[in-house]
Amino acid sequence: MGLVQDVRDQGFAGIPHNFITGKLEDLVNWSRSRSSWPASFGLACCAIEMMATGAAHYDLSRFGMEVFRASPRQADIMIVAGRVSQKMAPVLRQVYDQMMEPKWVISMGVCASSGGMFNNYAIVQGVDQVVPVDVYAPGCPPTPETLIHAIETLHQLIEDGEIMRRRAATGAGADVHVTEIPAATQPVPVLLGVR
């Protein structure tokens with residue numbers, strides 16, 4: 001009786017959504033979150049961890065992100081990995097401006113997020129001074145697990161539509177900080193018969 005009452009009071013809005021009665025906006029957000037292509041912007045040691053995340057052991061293709069795009073016109077997520085110098089900041093902004101809309105930014109590592117240990121005039125003290133950052137991944141350098149956690153967080157924000165509403169209202173990024181996930185400890189292989 002509850003469903004009939006909801007339909008009587010709210011019309012079609014009272015029907016629970018499934019793949020037939022779902023909203024087109026929800027379908028578009030779901031597909032955006034599952035088919036995002038990153039533009040690699042590796043600037044320092046964090047870039048090695050970003051490359052490891054894309055390798056076979058961590059396999060970013062599970063999230064529809066198997067190809068790091070060299071062209072910003074084919075990418076919609078920028079992963080800024082490492083410290084950003086004052087000379088590199090205009091280039092970073094130009095690459096961001098050339099990316100297709102909608103676009104998102106992940107700040108990877110403490111150097112990209114806050115300048116890290118480089119508190120001097122040559123390093124930008126936070127990439128959010130150059131581009132709007134959606135998700136911050138902490139660590140020096142962040143582990144691949146932390147980057148995957150940041151990517152999954154960004155995908156959930158895209159799917160919820162929260163990011164698009166915030167971007168339309170303020171023009172700023174989502175400013176979400178994820179927690180660092182320690183590297184999985186793996187046993188050291190023992191080579192038998194080697195002296």
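**Figure 1. Contacts and overall fold of the chain.** Among contacts in the chain with a separation of 6 or more, 76% are made by residues 24 or more positions apart. The model shown is predicted. The chain contains seven helices and five strands, and along the sequence these follow the pattern α-α-β-α-β-α-β-α-β-α-α-β. Of the 195 residues in the chain, 40% are buried. The accessible surface of the chain amounts to about 11200 Å², and carbon and sulfur atoms contribute 59% of that surface.

**Figure 2. The open five-stranded sheet.** The strands are arranged in the order S1-S2-S3-S4-S5, and their pairing is parallel.

**Figure 3. Pairing of S1 with S2.** Five bridges link S1 and S2 in the parallel sense. Pro-38 has Ile-77 of S2 as its bridge partner, and Ser-40 has Ile-79 of S2 as its bridge partner.

**Figure 4. The largest nonpolar core.** In soluble globular proteins, nonpolar side chains tend to be buried together. The largest nonpolar core of the model comprises 23 residues. The residues with the most contacts inside this core are Ile-77, Ile-79, Ile-106, Met-108, Val-135, Leu-147 and Leu-154. At least two residues of the core come from each of helix H3 (46-54), strand S2 (77-81), strand S3 (104-108), strand S4 (135-137) and helix H6 (144-160). H6 gives the most to this core, supplying seven residues.

Figure 5. Another core, of 17 residues, lies apart from the largest one. Its members include Phe-41, Met-99, Ala-112 and Val-130.

**Figure 6. Aromatic rings and a charge over a ring.** Zero aromatic pairs are found in a search of the whole structure. The ring of Tyr-96 does, however, have the charged end of Lys-103 over it. The distance from this charged end to the centre of the ring is 4.3 Å.

Figure 7. Glu-101 and Pro-102 are joined by a cis peptide bond with an omega of about -10°. Pro-102 is located in the loop between helix H4 (89-98) and S3. A cis peptide bond also joins Cys-140 and Pro-141, where omega is about -15°. The loop between S4 and H6 contains Pro-141.

Notes
Residues are numbered from 1 along each chain as its sequence is written. This is a predicted model: local features need pLDDT of at least 70, side-chain atom pairs count only at pLDDT 80 or more; totals for chains, interfaces and linings use all residues. Side-chain values use heavy atoms; hydrogens and water are left out. Rings of Phe, Tyr and Trp (its six-membered ring) pair if their centres lie within 6.5 Å; planes under 30 degrees apart count as stacked, over 60 as edge-to-face and the rest as tilted. A charge sits over a ring if NZ of Lys or CZ of Arg is within 6 Å of the ring centre and within 35 degrees of the ring normal. A nonpolar core is a set of buried Ala, Val, Leu, Ile, Met, Phe, Trp, Tyr and Cys residues joined through side-chain atoms within 4.5 Å. Buried means under 20% relative accessible area, exposed over 50%, partly exposed in between (1.4 Å probe, protein chains only). Helices (H or I, at least four residues) and strands (E, at least two) are DSSP runs, numbered from the N terminus. Contact means heavy atoms within 4.5 Å. Accessible areas come from the Shrake-Rupley method with a 1.4 Å probe; for residues, only the protein chains shown count as cover. Two strands pair if DSSP finds at least two bridges between them.
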